[in-house]
Every structure is written in structure tokens, then in C-alpha cells.
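Let's take a walk through this structure together. Have a look at it first, and then we'll start with its aromatic rings.

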Amino acid sequence: MDAPQPSGTTRRRITLTIDRPWCTWGARPTVTIDGVGHPAQWGTGTWAVTESGDTEVGVYLYNRAWRFGAARATVRTAQTLRYRGGSLPLGPGTITARTTA
């Protein structure tokens, strides 16, 4: 496995919008890029991904008691993703991808 490149050398970034469900019970989102978790915030942000090949992006919600709303998507050419958790703090969430030319 290749070592990660220094910050600022990755040229490909994706935009991820994390929509807050109406009932979160104090949960915070966590984004995973190829299995590595990163704390996140509600709203829109950008994330660095590998320049070539497929990248697996996942999001789940965590509130110190349990983890819920997990969803995953493989990013190929998509540049914009949107995560929506379930309306209640149980069950899976969804990630939808939009490819921009």
C-alpha cells in the first residue's frame, strides 16, 4: 500500500453534503474515506480522494451510545455526493452521487 501524500498534493476533491435529520439524539456525523474515519460537521464540505481509481466513501452517525444511519458509495467519476440519514435514529442512511462533466 502506498504511503499517503503530504497535504496539498492531492488534486481530486469531492463535495459531500451531509443533511441533518430532524431527530439525531445528539449524534455527530463521521465520514470514512476508504475505511479511514474522519469526524465531520453537518452541511457541505470537500474531501480529498485518490486521483485515479475507485474510492469508497461512507457516512455514519454516532452519539456515544450507538452508531446508526450508515451508508456507503463508491466514487468513480462523481464529484458531488449527498448523505441523508433516516428520519429516526435507526436504520440505514442513503448517499446519492451526481456526476458533473
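Search the whole structure, which is a predicted model, and you'll find 2 aromatic pairs. One of them is W25 with W66, an edge-to-face pair with 5.5 Å centre to centre and 75° between the planes. This pair ties together distant parts of the chain: W25 comes from the loop between β1 and β2, while W66 comes from the loop between β5 and β6, 41 residues apart. W66 also pairs with F68; their ring centres are 5.9 Å apart and their planes sit at 45°, so this pair counts as tilted. Put together, ring pairs link W25, W66 and F68 into a cluster.

How buried or exposed is each member? W25 has 57% relative accessibility, so it counts as exposed. W66 is partly exposed, at 31%, and F68 is buried, with a relative accessible area of 8%. Elsewhere, R67 holds its charged end over the ring of Y60, 3.8 Å from the ring's centre.

Now step back to the chain as a whole. It has 8 strands and 0 helices, and 37% of its 101 residues count as buried. Among contacts between residues at least 6 apart in sequence, 48% join residues at least 24 apart.

Finally, head inside. The largest nonpolar core has 21 residues, and V31 and L81 touch the most other members. Two or more residues each come from β1, β2, β5, β6 and β7, with β6 giving the most, 4 residues. Beyond its neighbours within four places in sequence, V31 has contacts that include L16, I18, W47 and V57.

Terms used:
Residues numbered from 1 in each chain as written. Predicted model: local features only at pLDDT ≥ 70, side-chain atom pairs only at ≥ 80, totals over all residues. Heavy atoms only, no water. Core = buried A, V, L, I, M, F, W, Y, C linked by side-chain atoms within 4.5 Å. Buried < 20%, exposed > 50% of the residue type's maximum accessible area, 1.4 Å probe, protein only. Contact = heavy atoms within 4.5 Å. Phe/Tyr/Trp six-rings, centres within 6.5 Å; stacked < 30°, edge-to-face > 60°. Lys NZ or Arg CZ within 6 Å of the ring centre and 35° of its normal.
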